Amino acid sequence: MAGDSGLFIYGIVPSDVEPTSDAEGVGSPPGEVGVVRHGELAALVSEVGLEEPLGRPADLTAYERLLDGTAEVAPVLPVRFGTVVTGEDAVEDLLEAHHDLFTAALDEFEDRVQYTVHGRFGEQEFIGELLAGNGDAAALADQVRGRPEAESREQRIRLGEMISQAAELRREAENRAMIDAVDALVVADSARSPSHELDAVNVAFLVGADDEEEFVRAVEEFAEQRRDLIRMRLIGPLAPYDFVDPHRLVE
């Protein structure tokens, strides 16, 4: 390895895992993905220039694609995106120092993957439902309708606050309902921070291989019951990002 390059670490896997021949890493051009092994553990890595800026959307996509593809065939512990070390010796030191922790975590994630359920309220549908059921909000909407923004600024702010508060309360209820709907089919769940003020559901689930099909059906049923109000997506299978603390893996 050249002195001006390092190893980007993607994740920790069992020692018998091999990257596919077409696996591509971060960087431009994409780095070739390899493994550094130590005992029962291995790290997925690729060489990068130490001066090369990382963090482009393509880099994050490459990082996630490699980890998600690996998670479909073997347990994997994602390492914090952007972790670069000086060489193979540093990777081996990491694996040796945390051998028991990593081994136990990989055992925990054997035959388990993450799915993320994300839903967003349709803006018109949500506001329409709010105005139909809240007289104060409806009155404010009447006051701003057809008036210049400058003249109705105070009312618009108050209405916006009411919409935001209503969305937050409904989001909490929908997240809880989503969790309850699949509780018997998942190993763990983790409510995620909203990515938009009209997010309706944003929850990650750790699902065992034997329950995946039934879990997907339960999510689809949940989404169908709310399709007039919420646009929902099921994302996965994924590496267990929300159930591994990536910072701890490189301390």
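R176 is partly exposed, with a relative accessible area of 46%. The model is predicted, so these values are computed from it. R176 forms a salt bridge with D180, and the closest N and O atoms are 3.4 Å apart. Both residues sit in helix α6, 4 residues apart, which means that about one helical turn separates them. D180 is partly exposed too, at 48% relative accessible area.

**Salt bridges**

Side chains of opposite charge can pair when their charged atoms come close. Across the whole structure, a search finds 11 salt bridges. The pair of R176 and D180 lies within one helix, α6. Two further pairs reach across the sequence.

Take E129 and R170. Their closest N and O atoms are 2.6 Å apart. E129 is partly exposed at 41% relative accessibility. R170 is also partly exposed, with a relative accessible area of 25%.

Then there is D242 with R192. Here the closest N and O atoms are 3.1 Å apart. D242 is in the segment after β9 (230–238), while R192 is in the loop between β7 (188–191) and β8 (199–208), so the pair links parts that are 50 residues apart in sequence. D242 counts as partly exposed, with 25% relative accessibility. R192 is partly exposed at 35%. Elsewhere, salt bridges with shared partners join E129, R170, E174 and R226 into one network.

| Acidic residue | Basic residue | Closest N and O atoms |
| E129 | R170 | 2.6 Å |
| D180 | R176 | 3.4 Å |
| D242 | R192 | 3.1 Å |

Which residues form the negative surface patch? They are E40, D107, E110, D111 and D210. D111 is exposed, because its relative accessible area is 52% and the cut-off for exposed is over 50%.

The backbone at D111 also stands out. Most residues other than glycine have a negative phi, and most peptide bonds are trans. D111 is not a glycine, yet its phi is positive, at about 60°. The peptide bond from G236 to P237 is cis, with omega near 5°. P237 is placed in strand β9.

**Buried positions in the helices**

I179 is found in helix α6. Is I179 buried or exposed? I179 counts as buried, because its relative accessibility is 6% and the cut-off for buried is under 20%. I179 and S190 are 11 residues apart along the chain, and their C-alpha atoms are separated by 9.0 Å.

L130 is found in helix α4. L130 is buried as well, at 13% relative accessibility. The C-alpha atoms of L130 and T70 are separated by 44 Å. Along the chain, those two residues are 60 residues apart.

**The chain overall**

How many helices and strands does the chain have? There are 7 helices and 9 strands. Of the 251 residues in the chain, 42% are buried.

The radius of gyration is 23 Å. A compact globule of 251 residues would have a value near 18 Å. The C-alpha atoms fill a box of roughly 70 × 45 × 30 Å, taken along the principal axes.

How values were computed:
Residues are numbered from 1 along each chain as its sequence is written. This is a predicted model: local features need pLDDT of at least 70, side-chain atom pairs count only at pLDDT 80 or more; totals for chains, interfaces and linings use all residues. Side-chain values use heavy atoms; hydrogens and water are left out. Patches are made of residues with over 30% relative accessible area and no salt bridge: like charges are joined within 9 Å, nonpolar side chains (Val, Leu, Ile, Met, Phe, Trp, Tyr) within 5 Å. Accessible areas come from the Shrake-Rupley method with a 1.4 Å probe; for residues, only the protein chains shown count as cover. A salt bridge is a side-chain nitrogen of Lys or Arg within 4 Å of a carboxyl oxygen of Asp or Glu. Lys and Arg count as positive and Asp and Glu as negative; His and the chain ends are not counted. The place of a charge is taken as NZ of Lys, CZ of Arg, CG of Asp or CD of Glu. Buried means under 20% relative accessible area, exposed over 50%, partly exposed in between (1.4 Å probe, protein chains only). Helices (H or I, at least four residues) and strands (E, at least two) are DSSP runs, numbered from the N terminus. The radius of gyration is taken over C-alpha atoms; the globule rule is 2.2 Å times the number of residues to the power 0.38.
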